Amino acid sequence: MAFTFFFRDMNTFQLIERHALPEMVHRRYIDIWDAGCATGEEPYTLAMILRERMGEFIYRNVRIFASDRNREFGDIVSRASYPEALVRRIPEEYKARYFVQEQDPGTYRLTDAIRGAVRFQEHNLTSLSPIRGDFVLIVCKNVLLHLSPEERVEVIRMFHACLVPGGYMAFENTQKLPAELRGWFEPVEADGPLFRKTDPPGGKYVHRNNYNSTEE
Ligand SMILES: C[S@@+](CC[C@H](N)C(=O)[O-])C[C@H]1O[C@@H](n2cnc3c(N)ncnc32)[C@H](O)[C@@H]1O
């Protein structure tokens, strides 16, 4: 269930680069939620790509809040040290710039610049309480398929409530937006997997836990 790897679902990251990144760079705080991050390869991939594309100066504003319901992943994410077998398929230019070989042979650690942007928090999505508000981007890949259709709808409603106006939400390629939520998000390119927040039909949604995002 915690299967993950660096640079997984590159299509989704390319869409983020093309659509979300140009809007992010103007913000003072670039807060991102990686929900269901497992052992951290995904949030660290995002951090590396953002640093490459934004440059060092703007990247300082990036904060990636990585969460998973499995608390044991917290130590792995914080350590940010991965065996050679997991680092092998990373593009050479990223590996050279962002990984340092450790004394323990066969392990590589992410540099402080990348590690420092990512913080882990234990969190179960089905609690329907967001970890905070005002996210510019929520990445939730290969997680929603583990939930029931009803839970999926509620979790995506929660994402809507804690995104800034016009914020983005990214899934894996196969995850569709449930029919109930048409009008809440629009795909940036036909059929997803990156969606932009719009207002729901019939007015603004107030999250039932009364979480105050800036919009509501
Ligand atoms: C297949 S991994 C996906 C990891 C990463 N997002 C990726 O796409 O490579 C699924 C992760 O979702 C987490 N997960 C499943 N249900 C969850 C829930 N209700 N709340 C938070 N995390 C959950 C699991 O613990 C696991 O780490």
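Mentor: A residue counts as buried if 20 or more other C-beta atoms lie within 10 Å of its own. Please keep in mind that this is a predicted model.

Trainee: With that criterion, which are the buried residues of α8?

Mentor: In helix α8, the buried residues are R152, V155, I156, M158, F159, H160 and A161. They pack against β7 (135-139), β8 (163-170) and β10 (194-197). The helix itself covers residues 149-161, and its 13 residues reach 19 Å from the first C-alpha to the last, close to the 18 Å expected at 1.5 Å a residue.

Trainee: How many residues of α2 are buried?

Mentor: Ten of its 14 residues are buried, so α2 is largely enclosed by the rest of the structure. The buried set consists of E41, E42, P43, Y44, T45, L46, A47, M48, L50 and R51. Helix α2 (residues 41-54) reaches 20 Å between its first and last C-alpha, close to the expected 20 Å. Just after the helix, G55 takes a positive phi of about 90°.

Trainee: Turning to the strands, in which sense do β1 and β2 pair?

Mentor: As a general idea, side chains in a regular strand alternate between the two faces of the sheet. Here, strand β1 (residues 30-35) pairs with β2 in the parallel sense over six bridges. Within this pairing, A35 has S67 of β2 as its bridge partner. Strand β2 also runs parallel to β6 (residues 118-122), to which five bridges join it, and S67 stands opposite Q121 in β6.

Trainee: Why is β2 described as largely enclosed by the rest of the structure?

Mentor: Strand β2 spans residues 62-68, and six of its seven residues are buried, so the rest of the structure largely encloses it.

Trainee: Which residues have the most contacts inside the largest nonpolar core?

Mentor: In soluble globular proteins, nonpolar side chains tend to be buried together. In this model, the largest nonpolar core has 61 residues, and those with the most contacts inside it are I32, A47, I64, L137 and I138. Helix α1 (residues 10-24) supplies the largest share of this core, six residues. Leaving aside neighbours within four places in sequence, the contacts of I32 are L46, V62, I64, F65, F135, V136, L137 and V139.

Trainee: Finally, how many residues surround the ligand, and which are the closest?

Mentor: The ligand is surrounded by 19 residues, of which T4, G36, A38, R69 and N142 are the closest.

Notes. Residues are numbered from 1 along each chain as its sequence is written. This is a predicted model: local features need pLDDT of at least 70, side-chain atom pairs count only at pLDDT 80 or more; totals for chains, interfaces and linings use all residues. A residue is near a molecule or strand if its C-beta atom, placed from the backbone, lies within 6 Å of it. A residue is buried if 20 or more other C-beta atoms lie within 10 Å of its own, exposed if 12 or fewer, and partly exposed in between; C-beta atoms are placed from the backbone. Helices (H or I, at least four residues) and strands (E, at least two) are DSSP runs, numbered from the N terminus. Two strands pair if DSSP finds at least two bridges between them. The expected span of a helix is 1.5 Å times one less than its number of residues. Two residues are in contact if their C-beta atoms, placed from the backbone, lie within 7 Å. A nonpolar core is a set of buried Ala, Val, Leu, Ile, Met, Phe, Trp, Tyr and Cys residues joined through C-beta atoms within 7 Å.
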